[in-house]
Amino acid sequence: MRRILGIVLGLLLIGGVLYVVAFQGQDHPETTATKTVRGVIGSEKSELFRDPDVVRALAAKGYTVKTETSGSWAMDQLALKDFDFAFPSSSEPAKEVAVAAGVEGAQETKPFYSPLVVIARPGAAQVLADNGLAKMSGKSSGTLLMGPFLKAAAEDRTWQQLSGSSAHAELTGTVFIKTTDPASSNSGALFLAAASNVANGNSVVADDAAIARTAPLMRKLISVQGALEQSTDDPFRAFISGSGEPLILVYESQVAALLLQNQDPGDMVVLYPDTTVNTAHTFVPLNEKAKELGTLLATDPRLRELAVHRGFRPQDGVAEFTAAAAPHTAHLNAGLTGIRQVGTPTVKILMALAQRAKGQGDTP
């Protein structure tokens, strides 16, 4: 009897081992990955690459992806030989990365994009609207009127000078939008691109004369903030936790991801600047190992679906994003209705504006 029992137990053990071998890959498709690649990415994409569903989808295509974060405009200063790809938040810093890495002409890919938005508390948004600096389209969304807002910034307007602000004790001091460091972070740099366009008569800043005309206002937008953030992640999290400045510049993808994952946005109001620059997240392969990964992120249906779930707008994917955002139109302007999208200055001009905005030079 003991011998028979031992044989039965042995067969069950062997069967269990075979079951694990046969089905482990189905339960954990990351075990199918055949290559590990390392990349440096903007912090706004951290949650995307940490998403277990994304990890599994990449593994099913043969990839294990490990990432580190950096400000997009600081990536070209890194030891890029230590990475297989860079994934800054727009095409402008991508060009600098390609030059620094010696891979000019590499097949860049732009899998998705995200417009910049300003998040605000209801009191701040309403005061802006009551004073002609914004226009509300609902309780939780609206448009930031860049012309009037920049005029107020040029005049050093304070919240106390705006009618209705006395009802909100938290609204004190100079009216400003909290941004990231425009010299190292993409969102801060592109906010200057949009603001300088408006200040330059709705034209892209393209020469030294235009820099000279717009730099004083850019300086006011940045100097009033004090210490500058290196990424949008920290101020966004501070806002969600109930702290932070009244007006904070973030990516729409951060707001959309919160909503699409059914997390509570609290009393957040989303203001879309009426003049903006869309941020086309640009994948730069630094060697052959990661050459196909950018294309995969752009074209694989499952990865596109997951990118939308994390708030990003796939290239040529208006219908995909609109469908996902349909339950959240109280906050999101899925069609970007009424938003003027403008071009960006050259890298040289934009960095000159950023340096002038930080008071680090009087010449471009």
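Buried means under 20% relative accessible area, exposed means over 50%, and partly exposed lies in between, with a 1.4 Å probe and protein chains only. By that rule, Val54, Ala57, Leu58 and Ala59 are buried in helix 3 (residues 52-60). Helices (H or I, at least four residues) and strands (E, at least two) are DSSP runs, numbered from the N terminus.

This is a predicted model: local features need pLDDT of at least 70, side-chain atom pairs count only at pLDDT 80 or more, and totals for chains, interfaces and linings use all residues. Residues are numbered from 1 along each chain as its sequence is written, and side-chain values use heavy atoms, leaving out hydrogens and water.

**The chain overall**

The protein chain has 14 helices and 13 strands. Of its 364 residues, 51% are buried. Contact means heavy atoms within 4.5 Å. Among contacts with a separation of 6 or more, 77% join residues 24 or more positions apart.

**Helix 3**

The cover over the buried residues of helix 3 includes helix 2 (46-50), strand 2 (63-69), helix 11 (293-299) and helix 12 (301-309). Just after helix 3, Gly62 takes a positive phi of about 100°.

**Two cores**

A nonpolar core is a set of buried Ala, Val, Leu, Ile, Met, Phe, Trp, Tyr and Cys residues joined through side-chain atoms within 4.5 Å. The largest has 52 residues, and Leu128, Trp159 and Leu247 have the most contacts inside it. Elements that each supply at least two residues of this core include strand 5 (116-120), helix 5 (122-130) and helix 14 (347-357). A second, separate core has 21 residues, among them Ala57, Val65, Leu296 and Leu306.

Leaving aside neighbours within four places in sequence, Leu128 is in contact with Leu133, Ala134, Leu144, Trp159, Val175, Leu247 and Leu271.

**Thr282**

Thr282 lies in strand 11 (residues 279-285). Thr282 counts as buried because its relative accessibility is 0%. Not counting residues up to four places away in sequence, Thr282 touches Ala86, Phe87, Pro88, Ser90, Ser91, Ala94, Glu108, Thr109 and Lys110.

**Polar contacts**

A polar contact is a pair of N or O atoms within 3.5 Å; within protein, one must be able to donate a hydrogen and the other to accept it, and residues adjacent in sequence count only if both atoms are side-chain atoms. Two examples follow.

| From | To | Distance |
|---|---|---|
| Thr282 side chain | Ala280 backbone oxygen | 2.7 Å |
| Asp51 side-chain oxygen, at the start of helix 3 | Asp53 backbone nitrogen | within 2.8 Å |
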